[in-house]
Amino acid sequence: MSQQVQQGRYDADDRGYFGGTWGGRFMPEALVAALDELTDAWHEAMADEAFVSEFERVLRDYAGTPSRLYHAERLSRQVGARVLLKREDLNHTGAHKIRNVMGQALLTRRMGKTRVIAETGAGQHGVASATAAAYFDLDCTVYMGAVDTRRQALNVARMQLLGAKVIPVESGSATLKDAINEALRDWVASVDHTAYLFGTAAGPHPFPSMVRDFCRGIGDEARAQCLEQYGVLPDAVAACVGGGSNAIGIFTAFLEDEGVEIHGFEPGGDGVDTGRHAATIHAGEAGVLHGARTYVLQDEDGQTVESHSISAGLDYPGVGPQHSLLAATGRATYTPVTDAQAMDAMALLSRTEGIIPAIESAHAIAGALDVAKRLGQEKGPDATVIVNLSGRGDKDMGTAIEWFGLGDTGPSAEERK
Amino acid sequence: MTSTTTAFEKARAEDRAALIGYLPAGYPTVEGSIRAMTTMVEAGCDAIEIGLPYSDPVMDGPTIQAAAQAALDGGVRTSDVLRVVEAVAATGVPTLVMTYWNPIERYGVERWAGDLAGAGGAGMITPDITPDHGAEWIAAADAHDLDKVFLVAPSSTDERIAMTATESRGFVYAAAVMGVTGARDASSDLAGPLVGRVRASGDVPVAVGIGVSNGDQAADVATYADGVIVGSAFVRCLLDHQGDEAAGLDALRALTTDLAEGVRRASR
């Protein structure tokens with residue numbers, strides 16, 4: 001954040017296009033004035049030292065940043081390379097998403113708006129939004145797919161306790177994409193007094209760039225911490241990619257470091273060849289969804305295809321447009337990780353490091369371990385991989401209980417996994 | 001192909017506003033939607049907007065969402081929409097497609113423009129494309145002489161209204177309220193001033209949509225606009241008579257008659 005807003009080759013132009021193609025603003029005219037107002041307010045705020053220092057202060061004193069860069073020693077020994085975990089799971093509310101919402105809520109207050117709306121998949125962004133709304137005294141309404149409200153009931157309760165109104169969305173496939181549709185419908189009617197706290201680095205301009213700027217502290221911190229603690233840049237950086245806010249948050253600081261490999265891991269669900277997955281970049285095609293040109297899971301008529309992932313937070317048939325550019329230019333590599341691989345990684349990290357990761361982050365762990373093994377073989381045990389541990393796994397215990405058959409303490413339980 | 005301009009010219013000659021009716025293609029079936037739209041033409045619609053059902057319609061309220069989703073569930077394809085265009089255009093009224101952008105990008109913009117023109121379509125209304133992000137569509141529409149209908153909203157700046165009026169052909173679609181499609185009880189007090197702002201920017205016709213559902217509201221809008229657009233209220237006629245096509249068509253005919261009488265009743 002202390003750095004100026006960049007205008008590099010991986011950044012969007014003034015109209016929101018990355019590489020001239022990806023992103024943009026495919027939106028109803030009714031929202032254009034609000035998006036322009038937001039763009040102006042964001043530019044002015046980022047150039048205003050008072051805003052930037054207030055944002056840094058709130059993140060430090062309230063959210064608990066900078067998050068630690070932690071050397072996972074047992075895991076490192078297993079793979080033969082140095083694995084460093086960026087501990088975003090230790091932030092207030094348990095994920096990187098607090099950075100984005102505190103930034104956007106601070107901007108909302110600066111713009112004089114009194115109400116925020118948000119969409120949420122797993123509930124993490126909804127909880128973060130409700131938290132920011134409580135902190136800044138804003139009214140908060142969260143749209144959540146009805147399917148997700150059932151599989152993430154604990155987060156629904158957290159949002160309600162924080163004072164937010166949670167509206168289950170029954171339309172379409174009743175998941176994250178439909179929650180975004182419903183939030184946009186609310187916004188068209190409420191835009192004069194309401195800010196839309198978009199939950200990921202996707203959607204119409206300026207959201208992909210603005211959300212990245214609010215999240216890029218992850219990578220700025222990790223890069224400085226790695227240099228300070230180990231005297232070198234990492235050989236690779238890894239993150240999970242749904243919409244892609246945690247990933248772009250950690251990638252951004254390393255984009256111009258040519259020697260650093262950048263790896264995004266997409267939700268492979270039951271396996272990309274089964275059709276039940278959310279590996280948008282790997283298996284999707286260029287299209288327009290939620291206001292941006294990006295990779296989209298779609299059928300031959302351009303209808304959005306329902307995605308699938310064991311992780312509600314990654315279950316999205318689109319992806320942030322800057323990731324599409326990074327994939328198209330080859331600067332970053334995007335690889336699917338299946339539900340089963342992610343759940344194995346969840347168990348592995350729990351047992352080797354005593355850290356229960358969010359299933360989203362477990363995708364990054366699973367993929368990064370393969371990268372670390374390869375780099376360890378190529379470069380030796382000092383090869384360094386930073387993994388963004390974007391969230392903690394408490395919210396996923398219901399899924400873990402079901403997947404692993406936990407909770408049963410009877411005699412036969414010992415024999416299970 | 002019949003440009004939408006002809007509908008406005010005809011209405012203007014009769015000193016009234018034009019009535020533009022919307023239904024999604026493929027609801028309840030492709031053939032059923034053709035019969036429904038033909039009924040609306042027979043009962044007095046001056047132009048027809050054919051909705052292309054889409055999985056993520058962010059500008060649509062629950063009524064249109066329900067019918068569009070049912071059409072998708074019934075297997076409607078983009079090619080079916082062209083079939084509906086062809087049938088409705090054959091009645092002689094200007095026939096437009098209203099569609100979100102991704103299905104068009106997927107079909108191929110240039111190919112779509114050619115096929116739409118070939119089917120007799122007058123042009124396209126694009127709720128999630130504004131002229132400043134619509135270069136590809138504008139080029140294709142110009143190449144095939146298709147109407148480009150962009151939207152303006154009460155929140156639009158004068159600068160954007162001027163830009164939109166300049167880039168539109170056929171008419172400008174003025175959203176009467178800040179909100180998604182769907183019938184409203186009260187008439188909008190935002191639409192009149194908005195139409196006035198568009199008029200100040202050029203002489204392209206201005207039609208008002210969103211929220212108009214009966215003859216009285218149509219008469220009110222017709223006092224200041226060149227056209228009255230009705231969507232959800234027509235869709236409601238079909239949704240309310242699922243499984244009874246004759247009753248649905250009767251309801252459509254009655255509503256069209258009421259609206260057509262409304263646009264003629266207005267004192268202009």
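Buried residues make up 66% of the 417 residues in chain A. Buried here means under 20% relative accessible area. The model is predicted.

Start with the fold of chain A. The chain has 16 helices and 14 strands. Its radius of gyration is 20 Å, close to the 22 Å that the globule rule gives for 417 residues, so chain A is as compact as a globular protein of that length. Along the principal axes, the C-alpha atoms of chain A fill a box of roughly 55 × 50 × 45 Å.

Next, look at which parts of the sequence meet. Take the contacts in chain A with a separation of 6 or more: residues 24 or more positions apart account for 74% of them.

The accessible surface of chain A comes to about 14500 Å². Carbon and sulfur atoms hold 48% of that surface. As for charge, chain A carries 37 positive and 56 negative side chains. The centres of these two sets lie 4 Å apart.

Finally, consider the partner, chain B. The contact takes 36 residues from chain A and 36 residues from chain B. The size of an interface is often given as the accessible area lost when the parts come together. Between chain A and chain B, the buried area is about 2900 Å². Carbon and sulfur atoms give 45% of it. Which three residues supply more of the area that chain A buries against chain B than any other three? They are A:Glu29, A:Arg185 and A:Asp301, which supply 25% of that area.

Conventions:
Residues numbered from 1 in each chain as written. Chains lettered and ligands numbered in written order. Predicted model: local features only at pLDDT ≥ 70, side-chain atom pairs only at ≥ 80, totals over all residues. Heavy atoms only, no water. Helix = DSSP H or I, 4+ residues; strand = E, 2+ residues; numbered from the N terminus. Rg over C-alpha atoms; globule rule 2.2 N^0.38 Å. Buried < 20%, exposed > 50% of the residue type's maximum accessible area, 1.4 Å probe, protein only. Contact = heavy atoms within 4.5 Å. Areas by Shrake-Rupley, 256 points an atom, 1.4 Å probe, with all protein chains shown as cover. Lys, Arg positive; Asp, Glu negative; His and termini not counted. Charge placed at Lys NZ, Arg CZ, Asp CG, Glu CD. Buried area = accessible area lost by both parts, 1.4 Å probe.
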